[in-house]
Amino acid sequence: MSIRSINADKTMIELTSFEELKSEELKLYSEFSEPQLARFFEPKPGLFIAESLLVTERAMDAGFEPWSFLLEKKMAEGEAKKLIGRFPDVPVYVASEDLLKTITGYPVTRGVLCAMKRKKEKVVEEILEGTKRIVLLEDVENPTNVGAIFRSAAALGIDAVLLSKGCADPLYRRAIRVSMGNVFSIPWTFSENWLADIEKLKNQGFQTIAMALKEDSVSMDDLRPEPEERVALLMGNEGAGLKEETISACHKTVMIPMANGVDSLNVAAASAVAFWQIRK
């Protein structure tokens with residue numbers, strides 16, 4: 001069944017049954033995995049799903065284009081009316097709250113889902129231009145942590161984010177949602193050659209600082225870079241931390257002093273502490 005084929009003359013299409021919600025046009029909202037969405041237009045960049053009015057608006061303001069909207073009917077006729085009006089030729093599917101609740105995860109979308117087109121990824125040189133504070137994430141696998149780190153980065157003055165290939169995609173639904181759409185406000189990209197990119201940063205004058213629990217780590221209290229100094233902060237995997245070769249490639253290693261026998265913070269919590277310490 002194709003909803004578009006039976007509503008070819010309409011851009012706003014009301015859904016009244018579960019079967020319509022399972023149509024080819026809407027499977028991407030309910031059935032597609034994150035990797036399937038990312039490969040939707042392969043070999044070109046694919047899609048991602050933005051949830052909520054705020055997040056969708058932030059994505060649009062950052063230049064991302066919608067592929068389609070799936071909205072609670074009252075949102076389409078009210079709060080989201082101006083938003084969908086920015087792209088009058090994009091299909092808008094509307095349904096009742098009860099019908100949309102059949103989609104996994106819907107209760108946290110606040111009435112708005114939008115399939116959006118990904119952009120071509122930036123190269124490292126693009127995100128470094130004019131950058132003074134950057135965070136490098138090595139194999140941070142949990143989308144919740146990635147999203148939380150982006151939110152803290154936006155709030156605390158980090159200019160860009162570089163991710164290793166082992167990191168969760170910042171455009172996964174959960175990462176976007178947890179970041180409150182701040183994955184759209186900070187330049188980021190994936191590294192094609194991790195150790196070579198660390199050297200590239202050093203050659204461009206960045207002080208590379210690894211966060212790791214090592215005997216020779218200095219206290220975060222002693223890390224006080226000058227506002228004009230270029231700083232690259234490296235943070236590692238939730239369980240294993242940074243790899244030894246990554247730590248060895250950095251200028252210094254720091255750690256956050258702990259109390260009460262606690263050995264470390266969650267990487268997302270640690271990022272907020274570190275970003276505050278190196279703020280410009």
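What share of the contacts in the protein with a separation of 6 or more comes from residues 24 or more positions apart? Such residues account for 78% of those contacts, where contact means heavy atoms within 4.5 Å.

## Model and overall layout

This is a predicted model, in which local features need pLDDT of at least 70, side-chain atom pairs count only at pLDDT 80 or more, and totals for chains, interfaces and linings use all residues. Residues are numbered from 1 along each chain as its sequence is written, and side-chain values use heavy atoms, with hydrogens and water left out.

The protein has 14 helices and 12 strands; these are DSSP runs numbered from the N terminus, helices being H or I of at least four residues and strands E of at least two. The C-alpha trace spans about 65 × 40 × 30 Å along its principal axes. Of the 280 residues, 49% count as buried. Buried means under 20% relative accessible area, exposed over 50%, and partly exposed in between, with a 1.4 Å probe and protein chains only.

## Nonpolar cores

A nonpolar core is a set of buried Ala, Val, Leu, Ile, Met, Phe, Trp, Tyr and Cys residues joined through side-chain atoms within 4.5 Å. The largest one here has 54 residues, and Leu71, Leu137, Phe184 and Met211 have the most contacts inside it. Helix 14 (residues 267–277) supplies the largest share of this core, five residues. Apart from it lies another core of 19 residues, including Val124, Leu136, Ala210 and Cys250. In soluble globular proteins, nonpolar side chains tend to be buried together.

Leaving aside neighbours within four places in sequence, Leu71 is in contact with Ala76, Ala80, Ile84, Val92, Tyr93, Val94, Ala95, Leu100, Gly111, Val112 and Leu113.

Seven strands make an open sheet with parallel pairing, in the order 8-7-6-11-9-12-10. Strand 8 (188–190) and strand 10 (218–219) are the edge strands, each pairing on one side only. Two strands pair if DSSP finds at least two bridges between them. Strand 6 (residues 133–137) and strand 7 (residues 160–163) run parallel and are joined by four bridges. Leu136 has Leu162 in strand 7 as its bridge partner.

Helix 12 (residues 194–203) lies across strand 6, strand 7, strand 9 (207–211) and strand 11 (231–235), and runs at about 165° to strand 6. Axes here are lines fitted to C-alpha atoms, for helices over the stretch in contact, and angles run from 0 to 180 degrees between N-to-C directions.

Thr189 belongs to strand 8 and, at 1% relative accessibility, counts as buried. Not counting residues up to four places away in sequence, Thr189 touches Glu121, Lys122, Val123, Val124, Ile127, Val161, Leu162 and Leu163.

Strand 2 (residues 47–51) is largely enclosed by the rest of the structure, because five of its five residues are buried. In a regular strand the side chains alternate between the two faces of the sheet. In strand 2, Leu47, Ile49 and Glu51 point one way and Phe48 and Ala50 the other way, and all are buried.

Five bridges join strand 2 to strand 5 (residues 112–117), and the two run antiparallel. The bridge partner of Leu47 in strand 5 is Lys117.

## Aromatic rings and charges

The whole structure holds nine aromatic pairs. Rings of Phe, Tyr and Trp (its six-membered ring) pair if their centres lie within 6.5 Å; planes under 30 degrees apart count as stacked, over 60 as edge-to-face and the rest as tilted. Phe32 and Phe40 form a tilted pair, 6.0 Å centre to centre with 50° between the planes. The rings of Phe40 and Phe41 have centres 4.9 Å apart and planes at 90°, so this pair is edge-to-face. Ring pairs link Phe32, Phe40, Phe41 and Trp67 into a cluster. Phe32 is partly exposed at 31% relative accessibility, Phe40 is partly exposed at 31%, and Phe41 is partly exposed at 27%.

A charge sits over a ring if NZ of Lys or CZ of Arg is within 6 Å of the ring centre and within 35 degrees of the ring normal. Lys119 lies over the face of Phe64, at 4.5 Å from the ring centre. The charged end of Arg279 sits over the ring of Trp276, 3.6 Å from its centre.

## An exposed loop residue

Asp89 is in the loop between helix 7 (81–85) and strand 4 (92–95). Its relative accessible area is 71%, so Asp89 is exposed. Asp89 and Met12 are 77 residues apart in sequence and 9.6 Å apart in space, C-alpha to C-alpha.
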